[in-house]
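The sequence and coordinates come first, and the report follows them.

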Amino acid sequence: MTETILELTDVAIFQKENLILNEVNLNIQKGEFVYLIGKTGSGKSSFMKTLYGDLPLRQGSGNIVDFDLKKLKEKDIPFLRRKLGIVFQDFKLLPDRTINKNLAFVLKATGWKDSAKVEQQIENVLDKVGMKTKGFKFPHELSGGEQQRIAIARALLNDPELIIADEPTGNLDPQTSVEVMKVLQEINKSGRTILMATHDYALILKYPSKTLKCDANKVFEVVQRAV
């Protein structure tokens, strides 16, 4: 039986009073890898922010990892975000502490108390992204690609049902982008669902998958053809 991770029906997305996207209907199943494409300003970020509770859903109905977005209250947002892994373009690592301490900070903030379990989980996620030996380093000692791998590891800490990656290769050169994509592909193969906003068409052609496009206030599925 397929399991729906994200379902939106007749959703309209607003930034304050401005209508950004309208009549959004989509369904993402467990284990899918889905791209979200569109020009800058087409609404990709507003779409993502609605999914993780940064923007309230005011119109239509939405369900993500068993949370009703329409009924989402401020106090529910931390619990929603535990079931989501969010990867940002600019890494968002804390510069004043090592990688291990960055990851421990997130685990403690989300309710982990047992130090041994915290250490084990940090080791597990660093291993998954090929960064097991880098935990003692500070963010500035790592390359951009390494920092993004750490950001992906951080997104995996609470074993999320859905990973939302907002332009994860946006600040990386083409070779590093491919390396980061390989990490995301491996994570997807292990059964995790990934929704990735990108405007890197070379990556989409190299790793074709279901693709949604934001354009003219709509979100629709497009068929990618090799150019």
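## Asparagine 25 and strand β2

Asparagine 25 lies in strand β2, residues 18–29; strands here are DSSP runs of E of at least two residues, and helices are runs of H or I of at least four, both numbered from the N terminus. The model is predicted, so local features need pLDDT of at least 70 and side-chain atom pairs count only at pLDDT 80 or more, while totals for chains, interfaces and linings use all residues. Residues are numbered from 1 along each chain as its sequence is written, and side-chain values use heavy atoms, with hydrogens and water left out.

Asparagine 25 is partly exposed, because its relative accessibility is 41% (buried means under 20% relative accessible area, exposed over 50%, and partly exposed in between, with a 1.4 Å probe and protein chains only). Not counting residues up to four places away in sequence, asparagine 25 touches Leu8, Thr9 and Asp10, where contact means heavy atoms within 4.5 Å. The C-alpha atoms of asparagine 25 and threonine 9 are 4.6 Å apart, although 16 residues separate the two along the chain.

## The four-strand sheet

β2 belongs to an open sheet of four strands in the order β2-β1-β4-β5, with antiparallel pairing; two strands pair if DSSP finds at least two bridges between them. β2 and β5 (67–68) are the edge strands, each with a single partner strand, so one side of each has no neighbour in the sheet. Strands of a sheet pair through backbone hydrogen bonds, either parallel or antiparallel.

Strand β1 (residues 4–15) pairs with strand β4 (residues 59–64) over five bridges in the antiparallel sense. Alanine 12 stands opposite glutamine 59 in β4.

α1 lies across β1, β2 and β4 and runs at about 120° to β1. Axes are lines fitted to C-alpha atoms, for helices over the stretch in contact, and angles between N-to-C directions run from 0 to 180 degrees. α1 also lies across β3, β6, β7, β8, β9 and β10, at about 145° to β8.

Threonine 50 is found in α1, residues 44–51. Is threonine 50 buried or exposed? Threonine 50 is buried, because its relative accessible area is 4%. Leaving aside neighbours within four places in sequence, threonine 50 is in contact with Ile13, Leu55, Leu57 and Leu69.

## The six-strand sheet

A second open sheet has six strands in the order β6-β7-β8-β3-β9-β10, with mixed pairing. Its edge strands are β6 (84–87) and β10 (218–222), each of which pairs on one side only. Neighbouring strands of this sheet are turned by 20° against each other on average, direction ignored. α5 packs on the sheet, touching β6 and β7, and its direction makes about 165° with that of β6.

Why is β3 largely enclosed by the rest of the structure? Five of the five residues of β3 are buried, so the strand is largely enclosed. Phe33, Tyr35 and Ile37 point one way from β3, whereas Val34 and Leu36 point the other way. β3 and β8 run parallel and are joined by four bridges; phenylalanine 33 has isoleucine 194 as its bridge partner in β8. Four bridges also join β3 to strand β9 (residues 210–215), again in parallel, and valine 34 stands opposite lysine 210 in β9.

## Nonpolar cores

A nonpolar core is a set of buried Ala, Val, Leu, Ile, Met, Phe, Trp, Tyr and Cys residues joined through side-chain atoms within 4.5 Å. The largest has 38 residues, and those with the most contacts inside it are Leu126, Ile152, Met181, Leu184 and Met196. Elements giving two or more residues to this core include β3 (33–37), α5 (144–156), α6 (174–189) and β8 (193–197). Apart from this core lies another, of 32 residues, among them Leu8, Ile13, Val34 and Phe47.

Leucine 184 is in contact with Phe33, Ile152, Pro168, Ile194 and Met196, leaving aside its neighbours within four places in sequence.

## The α3 and α4 contact

α3 and α4 pack at an angle of about 115°, with their axes 10 Å apart. The crossing is right-handed (right-handed if the near helix is turned clockwise from the far one by less than a right angle, left-handed if anticlockwise).

In this contact, Ile99, Asn100, Leu103, Ala104 and Leu107 of α3 meet Val118, Gln121, Ile122, Val125 and Leu126 of α4. The contact residues divide into eight nonpolar, two polar and no charged. Ala, Val, Leu, Ile, Met, Phe, Trp, Tyr, Cys and Pro count as nonpolar, Asp, Glu, Lys and Arg as charged, and the others, Gly among them, as polar.
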